[in-house]
Amino acid sequence: MAFQFPAYHAPDFTEERFQQSPDAAWALCERDGVAPEGYHSTSMYPEYYKLNGQWTLAPESRMDSSVVWRTDGGLDVVENRNLRKGDRVILGRTENGEQGIFMHSTGFVEPGHELEDRFVFRTGRSRETSYTRDYDRLVELLRYEKDHGNIVWVMGPAFAFDADARRAMQLLIENGYAHGLLAGNALATHDLEGALLHTALGQDIYTQQSMPNGHYNHLDTINKVRRSGSIRQFIEDYRIDNGIMYAAVKKDLPFVLGGSIRDDGPLPEVIGDVYEAQSAMRELVKKSTTVICLATMLHTIATGNMTPSFRVLPDGSVRPVYLYCVDADEFVVNKLLDRGSLSATTMVTNVQDFIRNVARGLGLM
């Protein structure tokens, strides 16, 4: 049976309340990077704006940005720092139509149906929760998205500390179950350390035995990559044949490595400017239809903030964007539980077990 998304139900704008709504107000941006007073701030949900008497869906959204009404009639969701003088910025602080703005948070819900039996998160998830159904649905989703969607993985360094987890993620990338990768310096560094020296932070990635002077291993790896000039050249220079970054380079998988103030090195590809890194991350997120965040709280929160709950397809139809958050810490996954139905599925488990289960479910291991 072919994978099926829940149908999207657009608002009925023939209703009197929408007919009686005024056009959305707007004001000119007077200074680069500064929104006008009273600007409307966006959510991850579909949002419609009444302009010239017509309700129009902004095709791309994210949390905490402004909406610019272009002269050609198009609507762009723009981070406030990227606003430019002269932009026509939508104003309004209510979202039920009173100011010509309507946020549609239930578009994927069948009228009269409850959400519990749908592809959604469930509140109160913990280590004791059964995730069998979630794995089955994720495997089904990934099989569909491989050829019809865009899967972005957001990864913390925990994968690099386990031989089987590295192998599982390598197989997922090599077999087409990844279209983008977001991570930091640590994931790439320890994965390349594992490929070169079979250690992560000086511990063997299979036996967990500490190596003599092993605390130098990741520093030596960074130094070698910097000497090579790039991760791709390092892989060639040292004949690397395994790991996550190896698979990403081999498959020309686009990746963004966002820097941190605590980074060693860093690797040449790591983006040290936080706003440049955010913009690069969003370019990958804009293409995504499924986003899976794994054992990285700050990258997860950042990615969640820039990921919409929907995607407008070329034929004009609207489909959901699936967001997963997987972490051994309940606090981390609960950070995303308020993102709304059909936008976040959370699983409390260690990501090494998670990724092996996914790879096995797909028949890769």
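1. In this note, buried means under 20% relative accessible area, exposed over 50% and partly exposed in between, with a 1.4 Å probe and protein chains only. The model is predicted, with local features needing pLDDT of at least 70 and side-chain atom pairs counting only at pLDDT 80 or more, while totals for chains, interfaces and linings use all residues. Residues are numbered from 1 along each chain as its sequence is written, and side-chain values use heavy atoms, leaving out hydrogens and water.

2. Helices (H or I, at least four residues) and strands (E, at least two) are DSSP runs numbered from the N terminus. The buried residues of H5 are Asn217, His218, Thr221, Ile222, Val225 and Ser228. They lie on the same side of H5, because they cover an arc of only 135° around the axis, the arc being that of the directions from the helix axis to the C-beta atoms. Among the elements covering these buried residues are helix H4 (185-197), strand E10 (199-200) and helix H6 (231-237), and just after H5, Gly229 takes a positive phi of about 100°.

3. Strand E8 (residues 151-155) runs parallel to strand E13 (residues 290-294), to which 5 bridges join it, and Val152 stands opposite Val291 in E13.

Conventions. Pairing = 2+ DSSP bridges. Contact = heavy atoms within 4.5 Å.
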